[in-house]
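Student: Hi! Could you walk me through this structure?

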Amino acid sequence: MGLEEADEVIGNARAALAALQEQPADHAQLTVVRRAFHTLKGSSRMVGLTDFGEAAWSFEQLLNTSLAEQRPASDALIATSREAMAALARWVDDIAGGDASRWDPSVFRKTSDALRLQDQWIPLDVPQPEDVLPAEP
């Protein structure tokens, strides 16, 4: 997975999520989000980023279920998908920086499964951005 490709896919998904916020019944935009998770999964697995692929796969399953039910996107689905895309973007940054060891795909699975199987929103418990240290005088 090229990092530029990941950035582009994530950007497209974020735009689709913004559109879904305005039009939750727009299944074309929901499909864009699902396709983004699918692409991130497949591309990352092809280059050996198995954990990243597993995280994306869990959200692909959530979107597959939502699309199959043909219901408008719920606020929880939109919020958790935004949260996942933001987290995956930070994970990509960590991959680019050479250390993605703090990421765990099981937290993505926990959140996506809770919404998909129990209709319960559980925030993603992912690493937060590192604090930026002030410049030395």
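Tutor: Happy to; we'll go through some helices, the core and a few single residues. Keep in mind that this is a predicted model.

Student: Let's start with the helix packing. How do the axes of α1 and α2 cross?

Tutor: The two axes come within 8 Å and cross at roughly 160 degrees. Angles over 145 degrees count as roughly antiparallel, so α1 is roughly antiparallel to α2.

Student: Is the crossing of α1 and α2 left-handed or right-handed?

Tutor: The crossing is left-handed.

Student: And which residues make the contact?

Tutor: From α1, they include Val9, Ile10, Ala13 and Leu17. From α2, among them are Val33, Ala36 and Leu40.

Student: Now the largest nonpolar core. Which of its residues touch the most other members?

Tutor: Those are Phe37, Leu40, Met85, Leu88 and Phe108, out of 35 residues in that core. The elements giving two or more residues to the core are α1, α2, α3, α4 and α5.

Student: Which of them gives the most?

Tutor: That is α4, with nine residues.

Student: What does Phe37 touch, not counting residues up to four places away in sequence?

Tutor: Phe37 touches Ala56, Phe59, Glu60, Leu63, Ser81, Ala84, Met85 and Leu88. Two of these, Met85 and Leu88, are also listed with Phe37 among the residues that touch the most other core members.

Student: Back to α4. How far apart are its end C-alpha atoms?

Tutor: They are 33 Å apart. The helix has 23 residues, 75–97, and at 1.5 Å a residue they should span 33 Å, so the two values agree. Just after α4, Gly98 takes a positive phi of about 90 degrees.

Student: Switching topic: where does His27 lie?

Tutor: His27 lies in helix α2, which covers residues 27–46. Not counting residues up to four places away in sequence, His27 touches Leu67, Gln70 and Arg71.

Student: Why does His27 count as partly exposed?

Tutor: Its relative accessibility is 22%, and partly exposed covers the range between under 20% for buried and over 50% for exposed.

Student: How about Ser66, buried or exposed?

Tutor: Ser66 is buried, because its relative accessible area is 12%. Ser66 lies in helix α3.

Student: And which residues is Ser66 in contact with, leaving aside its neighbours within four places in sequence?

Tutor: Leu30, Arg71 and Leu77. Arg71 is also touched by His27.

Notes
Residues numbered from 1 in each chain as written. Predicted model: local features only at pLDDT ≥ 70, side-chain atom pairs only at ≥ 80, totals over all residues. Heavy atoms only, no water. Helix = DSSP H or I, 4+ residues; strand = E, 2+ residues; numbered from the N terminus. Expected span 1.5 Å × (residues − 1). Buried < 20%, exposed > 50% of the residue type's maximum accessible area, 1.4 Å probe, protein only. Contact = heavy atoms within 4.5 Å. Core = buried A, V, L, I, M, F, W, Y, C linked by side-chain atoms within 4.5 Å. Axes fitted to C-alpha atoms, helices over the stretch in contact; angles between N-to-C directions. Parallel < 35°, antiparallel > 145°, perpendicular 65-115°, else oblique. Left-handed = near helix turned anticlockwise from the far one by under 90°.
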